[in-house]
Amino acid sequence: MSITDSLPIPDAGPRHRIRPWMAVCAALFAVAWGGNEFTPLLVMYRQEDEMTPLVLDVLLGAYVLGIVPALILGGPLSDRFGRRPFFLPAPLVAVAGSVLLALGASSPTVLFAGRVLSGVALGWLWRWGLPG
């Protein structure tokens with residue numbers, strides 16, 4: 001018998017698991033980031049990619065095309081099916097929108113799709129995911 005056989009092994013249990021509130025904070029951060037990452041880049045799109053003010057306005061409006069239906073439909077659907085089924089996909093949709101924004105920096109069509117997804121994600125999280 002060695003000395004190490006008699007030493008207690010510390011329980012690594014709950015301290016190393018992600019607490020539920022931490023997962024919710026990460027989800028909120030992902031969706032909020034996705035909704036706000038685009039606006040500071042407008043100047044760059046205008047100067048570097050030479051997008052017209054009309055194209056930039058349309059891209060800003062694409063966000064509204066995603067968020068408004070999510071907010072309007074969110075109340076009745078979350079009352080019927082619960083909050084959780086709609087909260088869970090919101091961060092994934094936000095990440096998909098962010099990926100499109102990152103990959104399509106010079107393509108207004110891809111930026112448009114990314115902005116719509118960012119709006120949908122924020123609408124889902126705001127209305128479907130949060131109580132109220």
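## Aromatic pairs

Rings of Phe, Tyr and Trp (its six-membered ring) pair if their centres lie within 6.5 Å; planes under 30 degrees apart count as stacked, over 60 as edge-to-face, and the rest as tilted. By this rule, the predicted model holds two aromatic pairs. Phe-29 and Trp-33 form a tilted pair, 5.9 Å centre to centre with 35° between the planes. Both residues lie in helix 1 (residues 20-36), four residues apart, about one turn of the helix.

Phe-38 and Tyr-45 form a tilted pair, with 5.6 Å centre to centre and 35° between the planes. Buried means under 20% relative accessible area, exposed over 50%, and partly exposed in between (1.4 Å probe, protein chains only). Phe-38 is buried at 0% and Tyr-45 is buried at 1%, whereas Phe-29 is exposed at 54%.

## Overall fold

The chain has six helices and zero strands, where helices (H or I, at least four residues) and strands (E, at least two) are DSSP runs numbered from the N terminus. Of its 132 residues, 30% count as buried. Among contacts (heavy atoms within 4.5 Å) between residues at least 6 apart in sequence, 76% join residues at least 24 apart.

Ile-72 is found in helix 3 (residues 53-81). With 59% relative accessibility, Ile-72 counts as exposed.

## Basis of the model

Residues are numbered from 1 along each chain as its sequence is written. In this predicted model, local features need pLDDT of at least 70, side-chain atom pairs count only at pLDDT 80 or more, and totals for chains, interfaces and linings use all residues, while side-chain values use heavy atoms, with hydrogens and water left out.
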